[in-house]
Amino acid sequence: MDLGFHPYSKSNQLAGHQKEKDTPKFKVQKPRKNRKPKSNKNVEMFHNRKVPHWKQRDAVNRKTANQTLRFYGEACAICGDPNYQLHHIQHKGYGIGGRGVWRNLVPLCELHHTGAEGVHTIKAFDQFWKDKHDKLFGPHYFKDRWDLWMEGLIENPTEELYEKFMQSQERR
Ligand SMILES: [Zn+2]
Ligand SMILES: [Zn+2]
């Protein structure tokens with residue numbers, strides 16, 4: 001029995017490959033791309049106040065969702081299917097994008113949301129909801145308190161001033 005230590009197979013030793021094998025291999029590092037210095041993109045400043053990132057402002061929280069559901073009921077606003085998704089009437093996005101505010105949301109089933117008869121499929125249906133909420137809640141229905149404040153429509157971005165303004169816009 002051979003219990004000796006053989007780091008290399010006999011054939012390798014005989015072939016004289018030691019030198020190559022012992023040479024450590026260095027990974028060739030790819031040159032790093034010139035990166036811009038990191039800035040905090042989650043904070044936007046306006047008149048010395050921090051405005052939350054639009055992604056945050058587009059998100060729907062439970063309170064907001066419940067307000068929409070209180071208005072429309074817990075079902076698709078078109079066919080009454082209890083399996084609904086909350087659709088942003090004015091689509092999410094940077095700048096003038098629709099926010100996650102209850103007046104910008106409507107519960108829709110899959111068919112009437114992203115399906116064949118959906119707002120994301122048929123442009124006229126998309127417009128239908130935009131027109132409807134414009135009539136119900138006024139032209140600022142998709143905005144949040146930060147939008148109204150930055151547009152100079154309210155003095156401060158508070159929930160209270162926001163609601164007061166929005167209620168003044170309702171033409172029912
Ligand atoms: Zn439906
Ligand atoms: Zn949608």
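Leaving aside neighbours within four places in sequence, H112 is in contact with C76, I78, C79, E117, G118 and V119, where contact means heavy atoms within 4.5 Å. H112 is found in helix 5, residues 110-113. H112 is buried, with a relative accessible area of 8%. Buried means under 20% relative accessible area, exposed over 50%, and partly exposed in between, with a 1.4 Å probe and protein chains only. The model is predicted: local features need pLDDT of at least 70, side-chain atom pairs count only at pLDDT 80 or more, and totals for chains, interfaces and linings use all residues. Residues are numbered from 1 along each chain as its sequence is written, chains are lettered from A and ligands numbered from 1 in the order in which they are written, and side-chain values use heavy atoms, with hydrogens and water left out.

The zinc ion (ligand 2) is coordinated by H87 through ND1, and by H113 and H120 through NE2. These donors lie at 2.0 to 2.1 Å. Donors are N, O and S atoms within 2.8 Å of the metal (3.2 Å for Na, K and Ca); water is not among the atoms, so sites may look incomplete. Along the sequence, the donor residues follow the spacing H-x25-H-x6-H. H113 is buried, at a relative accessible area of 10%. H120 is partly exposed, at 42%.

The chain contains eight helices and four strands. Helices (H or I, at least four residues) and strands (E, at least two) are DSSP runs, numbered from the N terminus. From the N terminus on, the order is α-α-β-β-α-α-β-β-α-α-α-α. Of the 172 residues, 32% are buried. Among contacts between residues at least 6 apart in sequence, 59% join residues at least 24 apart. The chain exposes about 12,700 Å², and carbon and sulfur atoms supply 52% of this area. Accessible areas come from the Shrake-Rupley method with a 1.4 Å probe; for residues, only the protein chains shown count as cover.

W146 lies in helix 7. The residue is buried, with a relative accessible area of 9%. Not counting residues up to four places away in sequence, W146 touches K50, V51, P52, R57 and P157. W146 and P157 are eleven residues apart along the chain, and their C-alpha atoms are separated by 5.5 Å.

Most residues other than glycine have a negative phi. H47 is exposed, with a relative accessible area of 65%. N48 is also exposed, at 74%.

The largest pocket holds about 440 Å³ of space. On a 1 Å grid over the protein atoms alone, a pocket is an open set of points where a 1.4 Å probe fits, with protein on both sides within 12 Å along at least five of seven lines; lining residues have an atom within 4 Å of a point. Grid points are joined across faces, edges and corners, and the volume is the space filled by probe spheres set on the points. The lining has 20 residues, and N61, T64, G100, V101 and E159 lie nearest the centre. Helix 3 (54-58), helix 4 (62-72), helix 7 (145-150) and helix 8 (159-169) each give two or more residues to the lining. Seven lining residues are nonpolar, five polar and eight charged. Ala, Val, Leu, Ile, Met, Phe, Trp, Tyr, Cys and Pro count as nonpolar, Asp, Glu, Lys and Arg as charged, and the others, Gly among them, as polar.
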